[in-house]
Amino acid sequence: SCLLLPDLLQSPSADVREFACASISRVVQQSQTIPGFLQRDAVKRLGPMLLDSSVAVRETATGALRNLSACGGQEVCEDMVKHDVMTPLTALLRECCSGFDTATMLMKDQKNAVEDVANEAVNLLWNLCESSNQALSVFNKSGLLDVVIQCLERHPNNVELAISAAHCLHIVTEDNPELLCSINTAVLRALENVLLSSQPSMAHTLLRTLAAGTLWNMKGNLPAANQAQTLNAVVATLSQCLETDAGMLIPELQQAEETRHQNAPVAADTEDNTCAEFAAEEMDEEEEPLKQKKNGKATRVNNDFSDFLPRGKEELREATALLTAQQTSLEIIVNMCCSDDPSDDEWEESSSSDESEMGPDGLCDGVSNLMSPLCLSAEVHGALINHSIPEKVLKKTQFPKKEAMDVCHQNPSWKGLIKRMQRVQSRALTCLHSILSTMDAESLGGASALQEAAQHLSTLVFGAADISKDEEFLEAVISAMRSLLQMIASKNIPQCMTPQQLMSLSEAATRCDVVSVRVNAVAILGITGSTLAKEKGTAETLQMIGSALLQVATRDSDLVVNGEALDALFDVFADGDEAETAAKNIQLLPALKSLQPVFKAKIRKEGRGKYTPQQLCVLDNIKINLRRFIGYLEKVMKK
């Protein structure tokens with residue numbers, strides 16, 4: 001039985017210990033097995049084995065803990081820290097790094113063994129620091145930064161180890177002032193050397209992207225003389241990463257793999273594919289939401305299974321590295337766009353398909369936060385424009401190319417890339433929303449460019465097979481569309497969506513379980529309706545919009561959505577002859593009068609336990625505005 005494996009860890013035979021570690025490493029990838037291992041004290045027993053006398057045991061023990069941490073999530077990581085895994089892990093990493101230089105005198109395969117152990121150890125460290133504040137605190141106090149930098153510096157010869165180190169640095173430098181104040185010139189030089197590297201592989205592209213993200217995290221601690229130059233280098237790196245067309249590269253890489261396979265021995269080939277298919281299934285099943293930290297910045301959970309791919313899958317690794325790099329680049333740009341405004345703590349924009357993941361805080365922020373652009377420093381703004389970031393982000397919002405999708409559908413081991421390609425598109429839409437929220441119309445190319453972008457987003461929404469099923473995509477596209485329509489309306493630029501398109505978008509969104517999707521859909525109806533109310537001959541369309549908003553205000557189960565629908569109604573029917581006619585025809589006044597006591601009672605009954613103080617504050621304002629709006633309508637209807 002698998003649960004007997006922890007007992008084998010005590011064997012006097014190094015081969016048996018290695019077998020037990022490797023078996024645990026494999027079995028825990030099926031996460032339902034993890035509780036059984038925890039009950040058998042697997043963590044407590046594996047910890048000391050990080051310093052086993054056998055190098056092979058060290059590597060497999062570290063790999064087992066790494067997989068446990070990746071597949072078991074935060075709870076398992078906290079458990080590891082509690083069992084003091086950080087102590088042997090720190091000692092192991094120090095020993096590995098001192099072995100890098102002495103290993104040059106040894107056989108080449110032994111040198112690789114030291115770096116392989118270091119790679120597993122850095123991945124474990126990354127997972128622990130991402131999930132546990134206590135692990136991060138140990139990282140800060142134990143001087144582990146220098147050790148991880150040493151691993152990063154292996155990049156000319158061991159890009160895999162350097163990428164693991166860069167991932168770890170990208171995580172530990174985010175919002176960690178205790179660590180950032182200890183940053184020295186050696187750290188900055190190591191990161192800048194990575195940015196200056198010119199190897200063309202996608203693995204190196206990912207490495208440079210992560211180094212760029214780490215330097216951005218350190219922006220407040222850079223020497224003043226270097227800041228402008230470093231910012232420019234960071235944005236240039238992201239721009240270069242986004243230039244590569246994954247839709248063209250993926251079929252080329254798959255073709256290269258096929259050619260290589262024709263010359264490979266059959267047995268090895270089959271084993272390779274079976275292992276890669278397992279990894280592809282894991283990648284396909286994995287949910288990788290873009291978690292939102294309290295300050296609105298995007299962070300990503302390390303449940304990346306690409307390292308489970310066998311070493312023979314170079315082309316698939318390259319494709320995975322490119323998609324990871326492009327996703328990371330887009331996330332860094334999101335952080336750049338939301339980092340400069342200290343008042344924007346609850347900025348809400350998440351591509352998570354799990355509403356609870358992002359927390360409800362930002363949802364009512366949507367009611368007002370998009371009205372005024374966020375503050376973006378002139379330097380960041382200039383760098384993003386100079387490197388054509390808005391145009392490149394817009395390109396990435398297109399659907400993945402059919403050729404790339406076909407290749408991945410036809411090859412089981414490549415299937416996991418489909419979700420990654422779709423995720424890059426969703427991140428690009430989220431990124432577009434951030435750019436629209438922080439830049440002015442002129443910077444983005446003026447009226448014609450904005451209309452083209454709106455046309456493109458409409459094509460995306462109405463070109464999707466069934467948008468209501470893909471929540472991550474719908475959430476991203478609808479938030480981008482809201483920002484864009486808001487900007488177009490504020491500049492009095494004619495908008496390109498027909499009323500029928502608008503209503504079908506609204507209907508799809510109201511069926512979605514994610515609250516922010518419904519909030520944004522209602523806001524889009526409000527923005528469009530208030531623009532149409534200023535034009536002649538629009539009463540019929542306003543009736544259609546008014547009826548849809550009334551239905552949401554009355555029937556949606558979430559108070560925030562009800563409130564947004566009422567707010568949109570106030571905007572649409574605030575003024576003008578067309579709005580008056582439409583209000584009479586849909587019996588708006590009696591409908592709102594009967595809704596008023598229900599809305600007040602719902603706030604009183606559900607408000608306290610279910611919504612944040614900020615949301616309740618907005619809802620109270622809407623309640624007051626509803627009373628005033630009813631008074632206004634009563635005067636209008638008496639005319």
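How close do the axes of helix 13 and helix 14 come, and at roughly what angle do they cross?

A: Keep in mind that this is a predicted model. Helix 13 covers residues 202–217 and helix 14 covers residues 227–243; their axes come within 9 Å and cross at roughly 145°. The crossing is left-handed. On the helix 13 side, the contact is made by T205, R208, T209, A212, L215 and W216, while helix 14 brings T230, L231, V234, T237, L238 and C241.

For another pair, look at helix 23 (residues 416–438) and helix 25 (residues 471–490). Their axes come within 8 Å and cross at roughly 25°. That angle is under 35 degrees, so helix 23 and helix 25 count as roughly parallel to each other. This crossing is left-handed. Helix 23 reaches helix 25 through residues including R423, L429, H433 and L436, and among the residues they meet in helix 25 are E472, F473, A480 and M487. The contact of helix 23 with helix 25 has 9 nonpolar, 7 polar and 3 charged residues.

Helix 23 also turns up in the story of helix 22 (residues 402–410), as helix 15 and helix 23 are among what covers the buried residues of helix 22. Those buried residues are A404, M405, V407 and C408. Looking down the axis of helix 22, they fall within an arc of 160°, so they line one face of the helix. Turned away from that buried side is a face with the exposed residues K402, H409 and Q410.

Conventions:
Residues numbered from 1 in each chain as written. Predicted model: local features only at pLDDT ≥ 70, side-chain atom pairs only at ≥ 80, totals over all residues. Heavy atoms only, no water. Axes fitted to C-alpha atoms, helices over the stretch in contact; angles between N-to-C directions. Helix = DSSP H or I, 4+ residues; strand = E, 2+ residues; numbered from the N terminus. Left-handed = near helix turned anticlockwise from the far one by under 90°. Contact = heavy atoms within 4.5 Å. Parallel < 35°, antiparallel > 145°, perpendicular 65-115°, else oblique. Nonpolar A, V, L, I, M, F, W, Y, C, P; charged D, E, K, R; others polar. Buried < 20%, exposed > 50% of the residue type's maximum accessible area, 1.4 Å probe, protein only. Arc of directions from axis to C-beta.
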